[in-house]
Amino acid sequence: MAEMENERTKHIDHANTPRADLHLHTTYSDGVLSPDALVHRVRAAGLSVVSITDHDNVGAIEEAIEAGKSVGVEIVPGVELSVALNEKDIHLLAYFFDYTNQKLRDYLAFFRYERLKRAERIVQKLNDINISLKMDAVLDQAGIGSVGRPHIASALLEEGLIGTYHEAFMKYIGVGAPAYEKKYQLSPLEATQLIAQAGGLTFLAHPGKYTTELELSTLIQAGVDGIEVVHPSHNETRQEFYRGVVHQYFLLECGGSDFHGGRKNDDQVLGAYTVPLQVVEDMRTRLFS
Ligand code: AMP
Ligand code: ZN
Ligand code: FE
Ligand code: FE
């Protein structure tokens with residue numbers, strides 16, 4: 001009974017306190033919604049501060065800031081980068097950098113070009129095993145966004161070449177599958193330096209998906225400023241574990257829903273994976289004091 005009361009109180013607090021979601025995707029990468037549409041959705045979900053963290057792309061930020069002004073949502077500049085650590089694909093989230101920084105923009109443009117070449121290699125590999133996907137179908141899915149495997153999965157589904165979105169990864173384009181191809185990736189140190197020279201902070205994204213403790217410590221040594229604690233792939237136990245690591249190493253935390261606008265059947269995550277605004281204040285304090 002007492003527990004039920006607690007749950008209810010927690011729920012009410014949660015609904016009334018301003019919250020932030022620092023992990024969102026738009027049409028500038030593999031999300032389905034435009035920055036404007038996404039900002040309206042997050043407003044409707046009751047969020048006050050958000051960061052759009054498109055893969056290798058900062059194109060959504062200005063549009064989102066404009067939309068945010070009209071509906072009263074604050075936008076923190078963000079991006080999601082991929083780095084390689086011992087052959088593993090690790091995702092990093094970056095915040096509060098100068099998104100007009102030319103060196104950063106040049107690198108992002110290069111990563112997007114490399115993504116396009118990699119998508120072509122994946123399509124070729126699919127064709128080699130008699131999966132008749134055309135590159136145009138992938139480009140239709142990607143539109144203006146950084147091309148990624150989610151677009152290839154959606155194209156395979158659209159063309160009726162697979163039965164479900166996840167089947168694409170299991171049978172064809174996941175790690176170890178016959179049409180898998182690596183992306184061009186920086187090292188963790190190169191990535192944290194690229195973000196630092198643009199004035200931002202770097203976080204390890206959703207470590208629960210793949211990161212061992214040794215990898216965690218290597219990443220911290222490479223200059224990662226914090227860890228994404230709240231994410232749909234982390235249960236309560238994992239959240240507590242990563243929060244402990246954050247405190248132990250004087251790091252920062254971040255968190256969010258990783259919402260892709262429904263592409264990954266993720267409609268229910270928006271508003272359900274949030275952090276208090278203090279998390280954003282702690283980032284500001286680390287940067288500007
Ligand atoms: P890319 O950056 O092109 O390598 O695509 C990576 C994205 O593909 C990740 O952010 C996930 O959204 C998605 N992804 C990777 N592996 C899987 C999987 N096994 N099942 C579903 N989605 C996946
Ligand atoms: Zn994504
Ligand atoms: Fe990610
Ligand atoms: Fe993401």
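Some ground rules. Residues count from 1 along each chain as written, chains are lettered from A and ligands numbered from 1 in written order, and side-chain values use heavy atoms, without hydrogens or water. As the model is predicted, local features need pLDDT of at least 70 and side-chain atom pairs count only at pLDDT 80 or more, while totals for chains, interfaces and linings use all residues.

Metals to begin. Take the iron ion, ligand 3. Its protein donors are E80 through OE, H91 through ND1 and H206 through NE2. They lie 2.1 to 2.2 Å from the ion. Donors here are N, O and S atoms within 2.8 Å of the metal, or 3.2 Å for Na, K and Ca; water is not among the atoms, so sites may look incomplete. The sequence spacing is E-x10-H-x114-H. E80 sits in strand β3, and H206 in the loop between β5 (201–204) and α9, so this pair ties together parts 126 residues apart in sequence. Helices are DSSP runs of H or I, at least four residues, and strands are runs of E, at least two, numbered from the N terminus.

Are these two buried or exposed? E80 counts as buried, at 2% relative accessibility. H206 is buried too, with a relative accessible area of 2%. Buried means under 20% relative accessible area, exposed over 50%, and partly exposed in between, with a 1.4 Å probe and protein chains only.

Next, the iron ion that is ligand 4. H23 (NE2), H25 (NE2), E80 (OE) and D258 (OD) coordinate it, at 2.1 to 2.3 Å. Spacing: H-x1-H-x54-E-x177-D. H23 in strand β1 (residues 19–24) and E80 in strand β3 link distant parts of the chain, 57 residues apart. Both H23 and E80 are buried.

What about the geometry of ligand 4? The site is irregular, with angles of 77 to 164° among 4 donor atoms. For four donors, tetrahedral needs all angles between 85 and 135 degrees; square planar for four, like octahedral for six, needs opposite donors over 155 degrees apart and all others between 65 and 115; anything else is irregular.

Then the zinc ion, ligand 2. Ligand 4 is 4.2 Å from the zinc ion. For ligand 3, the separation from zinc is 5.7 Å.

On to the packing. The largest nonpolar core has 31 residues, and V79, I90 and F97 have the most contacts inside it. Such a core is a set of buried Ala, Val, Leu, Ile, Met, Phe, Trp, Tyr and Cys residues joined through side-chain atoms within 4.5 Å. Elements that each supply at least two residues include β4 (88–95), α4 (102–128) and α10 (236–248). β3 gives the most, with 4 residues. Apart from this core lies another, of 21 residues, with L126, I131, L156 and A179 among them.

V79 has contacts, meaning heavy atoms within 4.5 Å, with residues including I52, L92, F97, L108 and I195.

Last, R149, in helix α6 (residues 149–158).

G174 lies in the loop between α7 (165–173) and α8. G174 is buried, at 9% relative accessible area.

Technical notes: Lists of a residue's contacts leave out its neighbours within four places in sequence.
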